[in-house]
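Reader: Please present the model, and then let us discuss selected positions in turn.

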Amino acid sequence: KHVRHEIDRRRRVAKLVDMQGVRFQRPAVFDVGPDGSPATFEGRVDFSLATFRELAAFSQARFGRTATFNFAHFRGDAVFDLASFESASFLSAHFDGRASFAGLGTEFAGKTTFASAAFAHDVVFTQAEFDDHTAFDRATFASHGIFIGADFTSVSFDDVRAAKSLDLTGVSADSASFTNTVADSVSLRDATFSRSGIVFYR
């Protein structure tokens, strides 16, 4: 499957979007239209094994049901700033460019996983909100993982490998786990943990 032209969806998108294995050769743009309304996926979305050769832009997109990007390959920048997800899975996704899921209004309402994801450049989750359990287990960060001010319910970074920093300055979470996490540096300055607190094991 090949998509050679720019994909530009600036309206409501079908109740089922099956993009498994699609190769986007040009920028894939699913963002805000001329009238200011965001791209809205009313049903399940599946981009498993898709390849985005250039920019993947999902800024302010609304995912009304499960959004699946398992094993997707983002060769350019991936921008999901201010997007909202009912449930999201980026299992084993690869991000070659900068990845951004940042800003007040970026919301993950249901269970979310970035387990075994690989980030080759900076990834930014600044001020993102996670309302259910979120897993970054076994993820690899070749550059900086930036989570400043993110709001988690529960989050796990078990078996994570980070070549540079994991910056969780000012995050809040009911519980967090960093079992067997290896990073050049980890900042938890001004973080708030309640209920089960925080777990570090090696």
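Author: Leaving aside neighbours within four places in sequence, F136 is in contact (heavy atoms within 4.5 Å) with ten listed partners, F114, A115, F125, F141, F147, F152, V155, S156, F157 and V160. This is a predicted model, in which local features need pLDDT of at least 70, side-chain atom pairs count only at pLDDT 80 or more, and totals for chains, interfaces and linings use all residues. Residues are numbered from 1 along each chain as its sequence is written, and side-chain values use heavy atoms, with hydrogens and water left out.

Reader: Which members of the largest nonpolar core touch the most other members?

Author: A nonpolar core is a set of buried Ala, Val, Leu, Ile, Met, Phe, Trp, Tyr and Cys residues joined through side-chain atoms within 4.5 Å. The largest one holds 53 residues, and those touching the most other members are F58, F69, F90, F136 and F147.

Reader: Is K111 buried or exposed?

Author: K111 lies in the loop between β17 (107-108) and β18 (112-113), strands being DSSP runs of E with at least two residues, numbered from the N terminus. Buried means under 20% relative accessible area, exposed over 50% and partly exposed in between, with a 1.4 Å probe and protein chains only. Because its relative accessibility is 55%, K111 counts as exposed.

Reader: Is T112 buried or exposed?

Author: T112 is found in strand β18. Apart from residues up to four places away in sequence, T112 touches A88, H133, T134 and A135. Its relative accessible area is 4%, so T112 is buried.

Conventions: Helix = DSSP H or I, 4+ residues; strand = E, 2+ residues; numbered from the N terminus.
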